[in-house]
Amino acid sequence: MNKHFFGDTAVLLGRSLRHITRSLDTIITTAITPIAMLLLFVYVFGGAINTGSDSYVNYLLPGILLITIASGIAYTTLRLFLDMKSGIFERFQSMPIARSSVLWAHVLTSLAANVISLVVVVLVALLMGFRSEAGVLAWLAVAGILILFTLALTWIAVIPGLTAKSVDGASAYSYPLIFLPFLSSAFVPTATMPGPVRAFAENQPVTSIVNTIRDLFTRQPVGTDIWIALAWCVGILVVAYIFADISYRRRIS
Amino acid sequence: MLTGMSIPPDQVRGSAIHVQGLEKSYKELQVLRGVDFDVARGGIFALLGSNGAGKSTVVKILSTLLKADAGTARVNGFDVATQPAEVRESISLTGQFAAVDEILSGRENLVLVARLRHLKEPGKIADDLLRRFSLAEAGARRVATYSGGMRRRLDIAMSLIGDPPVIFLDEPTTGLDPEARIEVWQAVRELAGQGTTVLLTTQYLDEAEQLADRIAILHEGRIIVNGTLTELRQLLPPAKVEYVEKQPTLEDVFLALVGDNGKNGHDRNVGADA
């Protein structure tokens with residue numbers, strides 16, 4: 001590893017964090033869709049949904065947190081795409097720096113931006129009556145899973161950032177990701193769904209992650225769900241990282 | 001022909017850029033078909049060619065952003081394929097579009113590059129360059145508010161940080177107004193005056209004529225001619241004496257009308273006090 005890796009990553013991280021603090025609208029836009037969904041489902045549809053849980057906001061929050069991450073990573077793609085297009089990516093790559101620090105700075109920025117958005121969404125949920133008995137360890141576990149999920153989706157986001165030809169192309173991929181929680185246990189229990197839909201919902205990554213977070217919040221035993229959730233996160237992370245690395249190598253050769 | 005001249009080996013070792021037999025294709029499209037040239041230390045070398053001639057491809061290979069399919073290229077004595085890290089220590093690239101960070105201020109852009117070059121006192125380096133490029137007043141403003149000429153000046157200033165011995169300028173004045181062009185030209189001349197080797201690509205013939213010690217024309221993937229302006233002129237029949245009424249060009253008129261009032265005059269003094 002290049003001896004400047006950590007120093008260069010820190011410098012470049014400082015640069016893209018400034019992008020976030022100077023365009024706070026990206027944080028607000030990231031948080032606003034999930035907050036709108038939270039309001040809509042808790043105060044409009046929620047009354048008609050029978051989840052077996054006392055409070056629908058408690059039931060809904062884990063899925064909303066995943067939607068927050070899915071909409072947040074679109075900005076990671078956008079920031080990377082703009083760097084490629086403006087030529088500043090090439091400028092960095094032609095400088096005597098640890099080259100991979102350019103990507104890592106974007107990945108860590110994505111993590112920071114998503115953590116801020118997640119905190120905002122959780123605060124709104126608290127105002128809406130979300131309550132959890134979870135202890136410090138359970139909260140840490142929730143944070144760990146969310147961070148892992150953010151990293152996995154961020155490496156997916158890096159791929160279109162490096163390869164997209166237009167801004168529209170760079171953000172189109174995130175819509176299916178935002179939609180995926182609807183076909184899971186995030187909004188309604190999967191038991192109410194017809195056969196094939198239910199089979200899909202129960203075997204896609206969002207359900208196991210949502211169930212794990214929900215169990216941690218409600219102090220239920222997490223069972224095997226947590227291992228399935230971790231396996232999905234790590235699996236997506238590894239595969240996305242490999243493809244991102246291939247796209248990156250193509251761009252610099 | 002001038003291209004056929006052989007260069008003694010000791011001169012090759014001493015040259016800042018040495019390119020031999022460079023080939024590059026994008027899928028079926030063969031962009032470079034065996035490019036050879038040498039650039040002496042401290043000179044301004046212009047690579048001239050129409051759009052799509054492969055000028056940027058040459059620059060990208062020399063700045064280790066692209067790999068050549070065949071041939072060798074050495075920059076500051078280092079091979080671009082086997083010693084890319086050393087090459088990157090020796091160069092600065094100013095690409096076709098001003099590669100500046102719009103959200104940061106001009107000063108923050110300069111500090112960023114100084115930090116990435118692992119230099120001491122990045123703030124002082126930034127302030128010096130802002131002054132040198134007449135950007136001191138705009139230094140704290142976001143680059144998004146800069147004019148095209150100011151961005152290009154900042155872009156070039158960023159390339160000077162760390163005093164790399166070789167600088168690549170890929171079409172540095174494309175899209176600039178005539179005044180900004182002259183500002184950039186002055187900055188480039190000053191660089192070469194300090195002993196920096198400059199490789200410049202351009203599609204403007206007058207730009208090459210104004211700036212370069214040597215000019216090479218890249219056409220259909222090869223260097224078809226390479227020499228000084230005088231040598232290139234000798235390729236055509238000797239000059240005839242004709243009497244022509246000398247009309248001012250539109251550029252003369254434009255610059256006479258807008259160029260010399262106080263505010264712009266200040267702007268145009270690029271690097272004058274360095």
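The contact between the chains draws 20 residues from chain A and 20 residues from chain B. Two residues are in contact if their C-beta atoms, placed from the backbone, lie within 7 Å. The model is predicted: local features need pLDDT of at least 70, side-chain atom pairs count only at pLDDT 80 or more, and totals for chains, interfaces and linings use all residues. Residues are numbered from 1 along each chain as its sequence is written, while chains are lettered from A and ligands numbered from 1 in the order in which they are written.

On the side of chain A that touches chain B, helix H1 (5-22) and helix H4 (88-93) of chain A are the elements giving two or more residues. Helices (H or I, at least four residues) and strands (E, at least two) are DSSP runs, numbered from the N terminus. H1(A) provides the largest share, six residues. By type, this side of chain A holds six nonpolar, eight polar and six charged residues. Ala, Val, Leu, Ile, Met, Phe, Trp, Tyr, Cys and Pro count as nonpolar; Asp, Glu, Lys and Arg count as charged; the others, Gly among them, count as polar.

In chain B, six strands form an open, mixed sheet in the order S6-S7-S8-S3-S9-S10. Strands pair if DSSP finds at least two bridges between them. Strand S6 (91-94) and strand S10 (222-227) of chain B are at the edges with a single partner strand each, so one side of each lacks a neighbour in the sheet. The twist averages 15 degrees from one strand to the next. Axes are lines fitted to C-alpha atoms, for helices over the stretch in contact, and angles run from 0 to 180 degrees between N-to-C directions.

Strand S3 (residues 44-48) and strand S9 (residues 214-219) of chain B are parallel, paired over four bridges. Leu47(B) has Ala216(B) in S9(B) as its bridge partner. Helix H7 (residues 178-193) of chain B lies across S3, strand S7 (166-170) and strand S8 (197-202) of chain B. H7 of chain B runs at about 150 degrees to S8(B).
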